[in-house]
Amino acid sequence: MGVSGLADFRDEVGHSGPVCVRGGGTRWELGGPPAGGSREVRAPSGVVAFDPAEMTVVVGAGTPLADLAGVLAEHRQEVALEGPSGATVGGVLAVGRSSLRRPRIGAVRDALLQADCVGAAGALFTAGGPTVKNVTGYDLCRLLVGSLGTLALIGQVILRTWPSPERMLWMQGSVTPEAVRNMCFRPSSVLWDGQRVSVCLEGYDGDVEAEAAALGSHLGLEVVAAAPALPPHRSRWTGRLPEGSLLEVGTGVVHGLVEVEAGMPGPGVVTLAARIRTGFDPDGRLNPGRDPYRIAA
Amino acid sequence: MWWTRRRSIELLTRDLEAAIGADRVAGGASALHLYSRDGSIIRGGRAGVVCLPGSTEQVAACVRVARAHGRAFVPRGAGTGLSGGAVPCDDPVVISTTRMDRILEVDVDRRIAWVEPGVVNLDLSRHLLGTGLHFAPDPSSQQACTIGGNVANNSGGPHCLLYGVTSVHVAAVEVVLPDGEVAVLGEEEGDAVGYDLRGAFVGGEGTLGIATRIAVRLTPDPPEVRTLLLDFTTIEEAAETVSAVIAAGIVPAALELMDQQVVRAVEPFAKAGYPLDAAAVLIVELDGLPAGVSREVEAVAAVARECGARTVRIAADEGERARIWKGRKGAFGAVAKIKPSYYLHDTVIPRTRLAEVVTGVNAIAERHDLIVMNVFHAGDGNLHPLLVFDHREPGVMERVLAAGEEIVRLSVEVGGVLSGEHGIGLEKRRFMSLLFSEEDLAAQRVLRDAFDPDGVANPHKVLPSGSSCGDVQGLPEIPEGVWV
């Protein structure tokens with residue numbers, strides 16, 4: 001892997017013809033399947049370098065997320081990337097959906113420091129930089145996350161890591177999310193089904209125990225074994241919570257039994273998005289058929 | 001020809017006055033002089049006319065009038081920027097957002113506030129006192145800089161180490177695009193559907209449009225805050241402590257380093273009791289829930305002692321904590337007591353390389369016979385070496401610029417970047433190719449062109465280009481009458 005892996009990936013993408021990149025294939029239909037006739041390519045796989053003292057990791061986009069998590073866990077660290085079993089680093093970045101634990105570990109879009117990509121013309125370019133803080137030039141990394149590979153194909157990335165919590169537990173009870181949020185300092189996740197709230201507490205042992213005790217004695221919450229099962233479809237929160245759905249409080253996401261279509265963005269945004277896509281990929285060869293604006297949330 | 005220039009600016013001014021009112025357009029000599037520069041050391045900018053709009057519609061009107069007259073526009077907040085991002089080139093319309101300074105809405109339950117771009121950073125946090133929430137980005141200029149400016153520069157500050165830079169705290173932004181249209185990028189909660197245009201816009205340095213309303217995320221105040229002052233007999237030991245703290249799996253809320261020169265300059269007014277004989281001090285702030293904070297305090301103290309800390313002082317009360325921070329936040333002002341001018345760099349390096357780079361920076365300054373003062377965001381590797389000098393001293397500028405360039409080159413050589421929070425502006429354009437290839441820069445240009453196909457929004461900034469900026473030349477060649 002490393003430089004040669006990237007060069008091979010660039011050569012595989014080549015200069016012409018429609019290409020689509022395959023990660024774990026766990027969310028292949030999202031945003032529309034790639035147009036027929038697209039040549040499938042795969043990004044390099046493997047952890048290239050991990051410096052726990054720097055809290056950054058260099059990893060091939062084709063690396064299964066579980067492999068990366070294993071390497072980081074050896075040093076009690078983690079990244080803000082989460083996906084279905086089998087998902088890859090590049091796939092999770094391309095989709096851009098954040099973890100249920102977003103309020104603690106942050107959004108996927110904030111985890112990406114640098115991306116080495118192959119552009120539509122078949123050349124490698126680097127977006128962002130290797131350091132944890134950086135405003136050198138335009139913030140292309142933010143744009144790449146959630147773009148479904150329509151602007152460039154990500155080959156290798158540098159991600160920001162964080163210390164893993166010492167303790168994690170889920171609690172549940174019949175109170176409002178506001179009551180829970182007012183009693184906890186930055187809970188990792190607060191879910192609300194209209195009647196019951198589920199909350200994830202993470203951190204140092206003593207802090208998690210103290211908050212859990214308070215939630216138990218004041219609000220009657222009880223510890224449960226795991227996060228509640230999520231209904232299959234994600235939509236944007238519109239202020240209504242249909243039967244059987246679960247709201248991620250504060251993140252604008254509803255997990256429901258049916259998908260609620262996203263409202264169309266305003267005309268200014270549509271024009272801008274179209275100009276960005278054609279600017280990066282004038283001939284429409286990168287993941288043709290896919291459209292990030294067709295993902296409901 | 002000066003008279004055609006004057007005539008065309010008169011016509012432009014007339015149309016701007018008709019669009020937004022004569023009291024919102026300034027074209028007098030003193031206004032033009034004031035708006036010809038920003039907080040950077042760059043001089044020689046030239047504004048055509050200055051607008052002070054009061055609403056989104058008026059900002060859009062300014063942009064449309066500018067375009068109709070074939071003029072570029074330069075957005076401007078408080079003008080505290082340090083890289084020349086708000087320095088006008090070639091008589092553009094300067095659009096200052098300082099009169100758009102209302103806090104429009106604070107939603108405590110949803111932890112969101114909508115503000116106008118001219119709201120001063122610290123004013124928002126003051127406004128939030130008593131709600132249990134605050135706005136996390138805290139640049140050293142927070143008493144003066146505006147949130148619109150923070151958005152343009154993706155500003156940082158000491159507490160961004162744990163809480164993240166401005167981009168993380170901007171949920172949505174209403175912008176006037178370079179074609180005069182208005183669009184809202186992002187969502188109040190979570191991610192907008194489609195491309196993260198919000199993320200692309202933040203840090204655009206005014207080249208992608210003008211923010212006119214901003215939805216910022218509010219952060220809960222931590223229940224427990226402990227501030228430690230550590231002192232060292234060598235700066236290398238202090239730098240090693242920074243790396244060792246991060247390696248121990250602790251991300252403090254803030255982790256700042258000040259060297260002896262800075263400590264001696266700030267102690268007289270901060271009265272924090274900084275040890276004046278220390279080679280360097282570290283300010284470490286740990287926050288969160290009580291059990292974790294006390295464990296982290298112990299762990300940081302242990303790591304620091306192992307690395308050679310002479311004393312570990314824990315602020316006993318809020319007053320002591322405030323005095324420790326007063327020195328840090330007032331550091332740049334205090335430099336004036338030593339020499340009248342300073343040139344501040346803003347590179348970021350891997351935090352595991354701090355010790356060697358700080359040593360290298362000091363050696364560079366010594367070679368050029370300059371005083372360097374180090375006060376910086378050590379926890380995220382964001383260096384702020386201040387080269388202090390007297391600009392009236394013959395030949396000093398050449399030495400300052402040469403030393404500055406060597407510092408940038410050293411930072412890039414060890415795997416760092418050009419700027420952590422001040423931006424590229426005019427100042428660092430010429431260094432962009434140290435870090436980026438032609439292909440990398442072309443990709444960035446695609447983003448810029450998508451927002452601004454005609455190149456009217458703050459031209460000449462950020463990306464290197466063949467064109468020069470009026471009277472402001474590339475920094476190494478200093479034209480007559482211009483000083484950097």
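Domain bounds in these legends come from an automatic or database domain assignment. The model shown is predicted.

**Figure 1. Chain A is divided into two domains**. Domain 1 of chain A takes in residues 3-163 + 268-288, and domain 2 of chain A covers 167-256. The C-alpha centres of the two domains are 30 Å apart. Where they touch, domain 1 of chain A gives five residues and domain 2 of chain A gives ten. The domain 1 side of this contact holds two nonpolar, no polar and three charged residues.

**Figure 2. Overall build of chain A.** Chain A has eight helices and 16 strands. Its radius of gyration is 20 Å, close to the 19 Å that the globule rule gives for 297 residues, so chain A is as compact as a globular protein of that length. The C-alpha trace of chain A spans about 65 × 45 × 35 Å along its principal axes.

**Figure 3. Overall build of chain B.** Chain B has 17 helices and 18 strands. For 484 residues, a compact globule would have a radius of gyration near 23 Å. Chain B has 23 Å, which agrees. Along its principal axes, the C-alpha trace of chain B spans about 70 × 60 × 45 Å.

**Figure 4. Domains 2 and 3 of chain B in contact**. The assignment for chain B lists domain 1 (2-96), domain 2 (103-220), domain 3 (224-332) and domain 4 (334-413). The C-alpha centres of domain 2 and domain 3 of chain B lie 29 Å apart. Five residues of domain 2 of chain B contact eight residues of domain 3 of chain B. On the domain 2 side, three of the residues are nonpolar, two are polar and none is charged.

**Figure 5. Helix H9 of chain B against helix H11 of chain B**. H9(B) runs over residues 235-247, and H11(B) over residues 290-306. The two helices pack at an angle of about 140 degrees. Their axes are 9 Å apart. Angles over 145 degrees count as roughly antiparallel. The pair is therefore oblique. The crossing of H9(B) and H11(B) is right-handed. H9(B) makes the contact with B:Thr241, B:Ala244 and B:Val245, and H11(B) with B:Val300, B:Val303 and B:Ala304. Five residues in this contact are nonpolar, one is polar and none is charged.

**Figure 6. Helix H9 of chain B against helix H14 of chain B**. H14(B) covers residues 354-367. The axes of H9(B) and H14(B) come within 8 Å and cross at roughly 150 degrees. This crossing is right-handed. From H9(B), the contact takes B:Ile235, B:Glu236, B:Ala239, B:Glu240, B:Val242 and B:Ser243. From H14(B), the contact takes B:Leu354, B:Ala355, B:Val358 and B:Thr359. By class, the contact of H9(B) with H14(B) divides into six nonpolar, two polar and two charged residues.

**Figure 7. The side of chain B that touches chain A**. Here 74 residues of chain B are in contact with 63 residues of chain A. Several elements of chain B each supply at least two residues to this side. Among them are the helices H7 (166-169), H8 (197-201) and H16 (432-435) of chain B, and strand S9 (182-186) of chain B. H9 and H11 of chain B are also in this group. The largest share, ten residues, comes from H17(B). By class, the chain B side has 36 nonpolar, 24 polar and 14 charged residues.

**Figure 8. Helix H8 of chain A packed with helix H17 of chain B**. H8(A) covers residues 267-280, and H17(B) covers 438-451. The helices pack at an angle of about 150 degrees, with their axes 9 Å apart. That makes H8(A) roughly antiparallel to H17(B). The crossing of H8(A) and H17(B) is right-handed. H8(A) brings A:Leu272, A:Arg275, A:Ile276, A:Gly279 and A:Phe280. These residues meet B:Val446, B:Leu447, B:Asp449, B:Ala450 and B:Phe451 of H17(B). The contact has seven nonpolar, one polar and two charged residues.

How values were computed
Residues numbered from 1 in each chain as written. Chains lettered and ligands numbered in written order. Predicted model: local features only at pLDDT ≥ 70, side-chain atom pairs only at ≥ 80, totals over all residues. Axes fitted to C-alpha atoms, helices over the stretch in contact; angles between N-to-C directions. Helix = DSSP H or I, 4+ residues; strand = E, 2+ residues; numbered from the N terminus. Parallel < 35°, antiparallel > 145°, perpendicular 65-115°, else oblique. Left-handed = near helix turned anticlockwise from the far one by under 90°. Contact = placed C-beta atoms within 7 Å. Nonpolar A, V, L, I, M, F, W, Y, C, P; charged D, E, K, R; others polar. Rg over C-alpha atoms; globule rule 2.2 N^0.38 Å.
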